[in-house]
Amino acid sequence: MTSSMTTPTTSHDHILILDFGSQVTQLIARRVRESGVYCEIWPFNTATAEKIKDYNPRGLILSGGPCSVTAPDSPRAPEGVFEMGLPILGICYGQQTMCEQMGGKVEGSDHKEFGRAYVEITKPCALFDGVWGTGKKEMVWMSHGDRVTKLPEGFEIVGISEGAPCAAVANENKKMYGVQFHPEVVHTPHGAALIKNFTHKICGCSGDWTMNAFRQEAIEKIKKQVGDKRVICGLSGGVDSSVTAVLIHEAIGDQLTCIYVDTGMMRAGESEQVVSLFKDHYNIKLIHEDASDLFLGKLAGVTDPEQKRKIIGGLFIEVFEDCAKRIGGAEFLAQGTLYPDVIESVSFIGGPSVTIKSHHNVGGLPERMNMGLVEPMRELFKDEVRALGRELGMNEDFIRRHPFPGPGLAIRIPGEITAEKLEILRNADKVYIEEIKNAGLYDVIWQAFAVLLPVKTVGVMGDDRTYDHVCALRAVTSTDGMTADYYHYDHEFLGRVANRIINEVRGINRVVYDITSKPPGTIEWE
Ligand code: XMP
């Protein structure tokens, strides 16, 4: 992020979002981009009017945030920002600080509004144009205690709610708008249309930021950066690294070599799919390194989840480096880094936060290898990566795949990992995912998988006693993996899956379903 600050990374119309620490700031960016307009998020305290001027956005959006405008030293938009002549949309905290900084007043209130609320439209304005009519009551999502009680000069109220006399305000002359509700969340059903009104009608953006345009520009950038040098790219089997590889291949062809390290912790048929897709279908140079025995050997006897992650992460780097040496002469390393990894977050809480899981499987790889980085997707969100994959003609099944963790099945076998347990889990997971797909549920579930528990229970099959493993099924809905709800299957479906697993998978005689949400649970069991 810092590297791109102040210099537009795009020749397209763009919007700047100043982040005041809201949990949902990234959703604002996604809505803006869905309207075909490029945007970036900057922490409020790193922006100055000067930097914003250099960045030259068509408009500014001020996000919500956890602070109270009435508290001493609470965040403010940079000085001079309201005098730049830029169209501005303030959302929640953003509305409050805009009004306060421009001479209005914000007060705490006993009438807090959290969740669903209704805004009555009292006047037409450009923000509502073609979306909300005067006199109508519209459903929105609110999350506020404070509210604007006096407007700055030139502003007028355009919408009211029970808890917010200034639920929506406008200064049409200055093209400044403020809303107390959150148009960026899906619970405000017309929110995306309001944001589109802001980017298109108010800021005058043309909406030319499409995946096709991105693809062409990214290819040119890669060519320029790499020249006639060579690039290596690690494939994981996941969407990000695959789309990165296909895009780079389109730009530089045989100057790219991919490395696929088979850790032995992959699902049934996965390694074969990766090899056939890249080698046979795309004709991309690929080193397929089967290191499964090595990984399994090093993991023998290890039961601690973090220890498993460390071993896998460390070994992965060693094997990858070895492969890279064999290729020799590559100057660049390609990575599928996405925008959410790059956005600097605004933190109001001092001190380090607790590490629940050390998700960085291959952290440290670029530093160790001392290579230039090619990260063509640094500006994209996950759903945009999928759209790019489609644009590149990649198979829909592949693009819509559920996320899969770097350490793979190793963290879905609590306790010691053995070849036998891996085989049992692969077979169970295959049946489970097959049934999910047959039921047409794969795309509504965010992530689903089987877990092999380190518990054996007694069962009876035919006339025989069995003493086998328990398999836990997991399925969650989520938008980003940060929070998740368990998926509410009907019992018939669960019964069918359990029946098939017990009958078809040797080594399992009992199936349970995990109904824990995140928090307090995590999605994976380890
Ligand atoms: P948790 O279990 O933390 O998972 O709720 C959230 C998301 O992250 C994935 N996950 C990992 N991904 N390395 C990864 O690359 C890891 O060590 C790891 N642990 C969890 C998990 O599959 C889910 O999508």
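Two strands count as paired if DSSP finds at least two bridges between them. The model examined here is predicted. In this model, strand β12, residues 231-235, pairs with strand β15, residues 332-334. The sense is parallel, and the pairing runs over three bridges. Within β15, Ala334 is the bridge partner of Cys233.

Strand β12 also pairs with strand β13, which spans residues 256-262. This pairing is likewise in the parallel sense and has five bridges. Helix α6, residues 239-252, lies on the path of the chain from β12 to β13.

Four of the five residues of β12 are buried, so the strand is largely enclosed by the rest of the structure.

Helix α14 covers residues 419-438, and helix α15 covers residues 491-504. Their axes come within 10 Å and cross at roughly 150 degrees. Angles over 145 degrees count as roughly antiparallel. Helices α14 and α15 are therefore roughly antiparallel to each other. The crossing of α14 past α15 is right-handed. On the α14 side, the contact is made by Ala428, Val431, Tyr432, Glu434, Glu435 and Ile436. Helix α15 contributes Phe493, Arg496, Val497, Arg500, Ile501 and Glu504.

Terms used:
Residues are numbered from 1 along each chain as its sequence is written. This is a predicted model: local features need pLDDT of at least 70, side-chain atom pairs count only at pLDDT 80 or more; totals for chains, interfaces and linings use all residues. Side-chain values use heavy atoms; hydrogens and water are left out. Buried means under 20% relative accessible area, exposed over 50%, partly exposed in between (1.4 Å probe, protein chains only). Helices (H or I, at least four residues) and strands (E, at least two) are DSSP runs, numbered from the N terminus. A crossover is right-handed if, with the strands pointing away from the viewer, the path from the first strand over the helix to the second runs clockwise. Axes are lines fitted to C-alpha atoms, for helices over the stretch in contact, and angles run from 0 to 180 degrees between N-to-C directions. Angles under 35 degrees count as roughly parallel, over 145 as roughly antiparallel, 65 to 115 as roughly perpendicular and the rest as oblique. A crossing is left-handed if the near helix is turned anticlockwise from the far one by less than a right angle, and right-handed if clockwise. Contact means heavy atoms within 4.5 Å.
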